[in-house]
Amino acid sequence: MILFTKLFLAHIIGDFLLQPKRWVIQKESKKVASGFLYLHILIHFLVIILLLWNIDYWKMALFIALSHYIIDLLKIYVTPLFKNKRIPFFIDQFLHIAVLYICAYYGNLLGHTITLIEQIDWPLLTAIVFVTYPAAIIMSILLEGMSNQINLDHKSLPSAGKYIGIIERLFVLIFIIMGRWEAIGLLITAKSVFRFNDLKESNSRKLTEYILIGTLLSFGIAILTGIIYNY
């Protein structure tokens, strides 16, 4: 499980934190000729080696990197065939995670060298990283169809909603790990109070529903992550 957690952490770092949106756009336009595609695969390989901190796993890291390249390439060419772009995204992520699980299973059968770096709470670190940018990207994909139907307030600070969501999910995760579920209710109440005037002035039912769905989805992801970590 520790090995899988490290591989999963390397995946979300390489796929979400260290892959700018312009890289994704260029990969979709240039496809196999995109230089960013190969840089993306190299980053995955290096992050895996760094987190495992054991050069004996270079073959596993290379296998995961090559499989990542094949899966990403298939996604690039198949995505235009889907009307709903969320479907290839989640299929792509499922295949990546399946490869990681298989590698972790057989990697553990071969034995795993204990090092000082393994004293880190890898599940906690993975949970913290996941509820930040990866969760934000997943939410943006899920809410993409709804956001196109409402008029968002362009006077707000750039990316303010994304950072607010990241901070609130971190708070929720911490509260769950500490076993303070009542604090989550206070956090929801505080956010509702701050949002009340904006919703009242806009007088838009669609905006209200959009914010409500986004808030519940954000809290839900953080709560589920905290429950999985505690389990």
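**Entry 1: α1 and α4**

I looked up the handedness first: α1 passes α4 in a right-handed crossing. I call a crossing left-handed if the near helix is turned anticlockwise from the far one by less than a right angle, and right-handed if clockwise. This is a predicted model, in which local features need pLDDT of at least 70, side-chain atom pairs count only at pLDDT 80 or more, and totals for chains, interfaces and linings use all residues. Residues are numbered from 1 along each chain as its sequence is written, and side-chain values use heavy atoms, with hydrogens and water left out.

The element names follow DSSP runs, numbered from the N terminus: helices are H or I of at least four residues, strands are E of at least two. I then took the geometry: the axes of α1 and α4 come within 13 Å and cross at roughly 45°. That makes α1 oblique to α4. Axes here are lines fitted to C-alpha atoms, for helices over the stretch in contact, and angles run from 0 to 180 degrees between N-to-C directions. Angles under 35 degrees count as roughly parallel, over 145 as roughly antiparallel, 65 to 115 as roughly perpendicular and the rest as oblique.

For contact (heavy atoms within 4.5 Å), I find Leu3, Leu7, His11 and Asp15 of α1 against Met60, Ile64 and His68 of α4. I sorted the residues of this contact into four nonpolar, two polar and one charged. In this scheme Ala, Val, Leu, Ile, Met, Phe, Trp, Tyr, Cys and Pro are nonpolar, Asp, Glu, Lys and Arg are charged, and the others, Gly among them, are polar.

**Entry 2: the cavity**

I searched the whole structure and got one cavity of 30 Å³ or more. The largest cavity has a volume of about 60 Å³. On a 1 Å grid over the protein atoms alone, a cavity is a set of points where a 1.4 Å probe fits but cannot get out; a pocket is an open set with protein on both sides within 12 Å along at least five of seven lines; lining residues have an atom within 4 Å of a point. Grid points are joined across faces, edges and corners, and a volume is the space filled by probe spheres set on the points.

Leu7, His11, His44, Ile48, Ile64, Ser67, His68, His96, Val99 and Leu100 line the largest cavity. Two or more lining residues come from each of α1 (2-17), α3 (35-52), α4 (58-78) and α5 (86-109). I class this lining as five nonpolar, five polar and no charged residues.

I have α1 and helix α6 (residues 122-130) packing at about 20°, with axes 9 Å apart. α1 and α6 are therefore roughly parallel to each other. Their crossing is left-handed. The α1 side of the contact includes Ile2, Phe8 and Leu9, and the α6 side includes Trp122, Thr126 and Phe130. I count eleven nonpolar, two polar and one charged in the contact of α1 with α6.

For helix α7 (residues 133-142), the angle to α1 is about 55° and the axes are 9 Å apart. That makes α1 oblique to α7. The crossing of α1 and α7 is left-handed. Ile12, Phe16 and Leu17 in α1 meet Tyr133, Pro134 and Ile137 in α7, giving six nonpolar, no polar and no charged.

**Entry 3: the second largest pocket**

I read a volume of about 520 Å³ for the second largest pocket. Its lining has 15 residues, with Phe8, Thr126, Thr225, Ile228 and Tyr229 nearest the centre. α11 gives the largest share of that lining, six residues.
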